[in-house]
Amino acid sequence: MSKAQRMSLALFLVLNILAAPVAQAQRARRDVERSIEALLARMTLEEKLGQLQQLDGHADGRYKDEQPELVRKGLLGSTLNVRGVRNTNELQRIAVEESRLKIPLIFGFDVIHGYRTIFPVPLAEASSWDPASVERAAQVAAAESRAAGVHWTFAPMLDIARDARWGRIVEGSGEDPYLGAALARARVRGFQGADYSAPDRVVACAKHWVAYGAAEGGRDYNTTEVSETTLREIYFPPFRAAVEAGVGTFMSAFNDLNGVPTSANPFTLTRVLRGEWKFDGFVVSDYESVKELMNHKLADGEADAARLALGAGVDMEMVSRLYNKHGAELLRQNRLTRAEIDEAVRRILRVKFRAGLFDNPYADEARERAALMNPEHQRATREMAARSLVLLKNERETLPLDRNLRSLAVVGALADSQLDMIGSWSGDGRKEDAVTLLAALRAKLSPRTEIKFAKGCDAPCASGEGFDEAVRAARESDATVVVLGESADMSGEAASRSSLELPGRQTDLLKAIHAAGKPYVVVLMNGRPLTINWAAENSPAILETWFAGTQGGHAVADALFGDVNPGGKLPVTFPRAVGQIPLYYNHKRTGRPSDANNKYTSKYLDVAWTPLFPFGHGLSYTQFRLTGLQLSAARIPADGRMTLSVEVENTGRRAGDEVVQLYLTDAASSVTRPVKELKGFERVTLRPGEKRRVQFTLAPEHLGFYDREMRFRVEPGAFTVTVGNSSEGGLTSSFEVFEQRTPRRRVSSGRVN
Ligand code: GLC
């Protein structure tokens with residue numbers, strides 16, 4: 001064989017080896033589609049409608065008495081809240097061994113930040129700006145969930161939130177679409193892996209589709225009015241990232257969006273999700289959101305609600321039963337078509353096949369016992385909590401505390417609350433597993449350090465009767481840790497607040513501790529930004545800990561005494577006053593940009609228009625310096641790419657993490673653009689004196705925006721990049737984007753086209 005022949009044979013073999021996995025995946029998809037069609041052809045209309053039905057189990061994980069018979073008749077396709085191998089296997093056995101077509105159930109559950117091992121709340125995880133750690137947290141949650149018989153989590157929650165009054169801000173990744181998209185990809189990868197039929201993975205669910213966080217007044221479930229430009233540039237990106245990461249399901253939302261509720265909105269559910277993004281999984285409604293179309297006064301009765309939802313693209317109905325109740329009648333009346341019903345069933349069967357439920361419908365009790373709360377998972381949640389902490393203020397290096405203190409006062413009910421440690425939506429978490437800050441400090445400090453605990457007041461803090469005891473403890477101690485904030489039930493679903501103040505008389509308690517004149521630090525436990533103006537002005541140190549999860553107490557204690565150096569950054573803006581809301585960093589410039597020296601500009605009479613703490617803010621126990629911003633070019637074509645880099649140096653005495661953030665500003669554009677937008681970030685760990693050059697790439701997907709015709713495109717013109725450690729300040733440079741002139745062709749008529 002000649003050399004050329006040998007080369008071509010080798011190339012042929014290599015290409016086949018490389019192409020093998022792709023070909024195998026294509027074969028697997030074809031096999032699934034064939035299996036779906038074969039099954040669909042055998043299903044009665046009642047069995048098809050049964051697959052579109054999800055019903056609720058008991059809060060403790062047991063299924064409800066009516067459900068075995070529904071499953072046996074093929075009239076139920078899924079449950080939520082049924083969990084624990086014994087419960088799921090019992091119901092699954094009926095589906096797989098006693099029903100006519102033996103279609104397995106898919107068990108769903110809200111595993112938002114952990115199943116039994118609870119991780120920091122999602123807003124805390126977002127504060128880590130660390131997709132790899134967030135992915136790890138989701139992977140642990142998936143491993144415990146699948147071991148416990150749960151196949152499908154109603155997560156990640158991808159709602160952008162620009163209004164801290166909205167309680168569900170705690171469940172998401174904050175106000176920015178770029179950070180939100182990065183963490184959406186991380187969580188989908190963590191939950192699903194490369195193949196969500198694996199025994200330690202679950203199907204993920206991108207929710208709540210869409211713009212639920214834009215609720216007017218920050219009042220949960222309220223109406224939303226959002227322009228298509230803002231939808232596409234702010235609210236869509238995390239969901240699109242989830243589709244690109246292969247998310248198996250979506251959940252439609254409760255909110256009315258521009259007059260068409262999201263659980264009956266053909267634009268979002270079909271034109272965008274199916275037409276533009278080619279999503280081929282299924283959409284489940286939110287809890288009775290199909291039936292609530294009647295409350296919206298969109299639907300004229302139950303049958304109309306079923307028609308509107310299923311016709312718009314909601315495939316599975318959660319808890320309400322209108323599809324089952326009215327499907328046959330709607331079909332007879334030609335108000336629904338068989339094709340619409342078949343397509344919904346097809347999508348659900350596709351996810352069940354991809355989840356491996358036909359091949360492996362059962363869970364294993366031994367695996368469940370080995371997975372839940374195992375030591376590796378405890379290490380993972382403690383590490384995630386440590387990386388989620390945000391040091392908001394630290395004057396005169398008040399933190400970290402000296403571990404040789406003779407005495408330490410711990411003040412505040414939250415310091416000793418296991419329930420609040422695990423936050424809202426805490427899955428199958430057990431509060432008795434949670435390590436509080438007080439317990440962690442007692443475990444950490446030597447017996448020579450006397451720890452005095454004084455509640456001062458309980459979480460609502462209506463009364464000051466415990467203040468004297470707390471002040472006495474502070475006076476008698478070398479230092480005091482004051483734990484303030486919200487109870488976990490003051491954020492999450494149906495938990496909006498009209499105020500962002502520390503609840504009750506907590507600020508009075510803080511002032512009393514301050515007046516005692518001894519060293520103290522503030523630890524915050526909260527589910528949203530708070531207007532902590534007095535603390536920001538007067539307290540020497542403030543550590544934001546959110547709700548830090550099962551091992552959160554250890555992580556916070558580690559940070560207070562310097563075994564952890566906080567490196568998190570805020571994923572949301574902290575306003576000075578609730579009256580500033582909505583307040584977010586990527587705001588528009590306006591025709592009268594705020595100027596304290598000019599009356600007739602956009603600002604308030606009674607409070608500075610700026611945030612108390614900006615998006616991206618977070619300090620460290622060491623210091624960092626950014627220098628040497630370099631751009632790969634001064635000009636690039638509209639379809640070109642730009643690389644830029646900056647040097648980060650740890651100029652302090654401790655190792656620590658910095659999150660380098662890249663913001664882009666468009667100098668002028670045919671549609672007004674935000675004053676700046678996050679387009680890159682990287683969290684780096686540096687030893688004292690260590691330097692590292694961090695590099696970013698800007699490509700058309702970063703430079704472009706939706707123009708007046710709603711086309712995504714890059715416009716020529718000047719851009720400024722800002723690279724810093726917060727959304728305020730940083731090194732700047734500029735570059736230009738020019739139109740890529742393709743050579744003009746002259747045509748016979750002499751006209752130039
Ligand atoms: C709730 C929530 C949704 C959750 C679902 C099932 O009302 O809106 O986030 O996944 O119902 O519990």
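Trainee: Is Thr-651 buried, partly exposed or exposed?

Mentor: This is a predicted model, in which local features need pLDDT of at least 70, side-chain atom pairs count only at pLDDT 80 or more, and totals for chains, interfaces and linings use all residues. Residues are numbered from 1 along each chain as its sequence is written, and side-chain values use heavy atoms, with hydrogens and water left out. Buried means under 20% relative accessible area, exposed over 50% and partly exposed in between, with a 1.4 Å probe and protein chains only. The relative accessible area of Thr-651 is 37%, so the residue is partly exposed.

Trainee: Where is Thr-651 placed, and which residues does it touch beyond four places in sequence?

Mentor: Thr-651 sits in the loop between strand E19 (642-650) and strand E20 (656-666). Helices (H or I, at least four residues) and strands (E, at least two) are DSSP runs, numbered from the N terminus. Contact means heavy atoms within 4.5 Å. Not counting residues up to four places away in sequence, Thr-651 touches Gln-623, Phe-624 and Arg-625.

Trainee: How many Å apart in space are Thr-651 and Gly-689?

Mentor: In sequence, 38 residues separate Thr-651 and Gly-689. From C-alpha to C-alpha, their distance in space is 5.5 Å.

Trainee: Let us turn to another loop. Is Val-150 buried or exposed?

Mentor: Val-150 belongs to the loop between helix H6 (131-147) and E4. Its relative accessible area is 0%, so Val-150 is buried.

Trainee: Which residues is Val-150 in contact with, leaving aside its neighbours within four places in sequence?

Mentor: A distance first: Val-150 and Ala-536 are 386 residues apart in sequence and 44 Å apart in space, C-alpha to C-alpha. With neighbours within four places set aside, the contacts of Val-150 are Val-82, Arg-83, Phe-107, Phe-109, Tyr-115, Ser-145 and Val-202.

Trainee: What about the loop between E14 and H19: is Ser-491 there buried or exposed?

Mentor: Ser-491 is in that loop between E14 and H19. Leaving aside neighbours within four places in sequence, Ser-491 has contacts with Gly-167, Val-170, Ser-424, Gly-527, Arg-528 and Phe-547. Its relative accessible area is 3%, so Ser-491 is buried.

Trainee: And is Asp-489 buried or exposed?

Mentor: Asp-489 lies in the loop between strand E14 (479-485) and helix H19 (506-515). Its relative accessibility is 61%, so Asp-489 counts as exposed.

Trainee: Which side chain makes a polar contact with that of Asp-489?

Mentor: A polar contact is a pair of N or O atoms within 3.5 Å; within protein, one must be able to donate a hydrogen and the other to accept it, and residues adjacent in sequence count only if both atoms are side-chain atoms. For the side chain of Asp-489, the polar contact is 2.7 Å and the partner is Ser-487.

Trainee: Now the backbone. Which residue is joined to Pro-156 by a cis peptide bond?

Mentor: Pro-156 is found in the loop between strand E4 (152-153) and helix H7 (177-192). The cis peptide bond has an omega of about 10°, and the residue joined to Pro-156 is Ala-155.

Trainee: What is omega for the cis peptide bond between Ile-581 and Pro-582?

Mentor: Pro-582 is located in the loop between helix H21 (552-560) and strand E17 (624-631). For the cis bond joining Ile-581 and Pro-582, omega is about 5°.

Trainee: What is phi of Lys-102?

Mentor: Lys-102 is in the loop between helix H4 (85-98) and strand E3 (106-109). Its relative accessible area is 39%, so Lys-102 is partly exposed. Although Lys-102 is not a glycine, its phi is positive, at about 55°.

Trainee: What is phi of Arg-396 near?

Mentor: Arg-396 occupies the loop between strand E11 (390-394) and strand E12 (407-411). At 69% relative accessibility, Arg-396 counts as exposed. Phi of Arg-396 is positive in a residue other than glycine, near 50°.

Trainee: Last, the whole chain. How many helices and strands does the chain have, and what is its radius of gyration?

Mentor: The chain has 22 helices and 26 strands. The radius of gyration is taken over C-alpha atoms, and the globule rule is 2.2 Å times the number of residues to the power 0.38. That rule gives 27 Å for 753 residues, and the chain's value is close to this, so the chain is as compact as a globular protein of that length. The radius of gyration is 28 Å.
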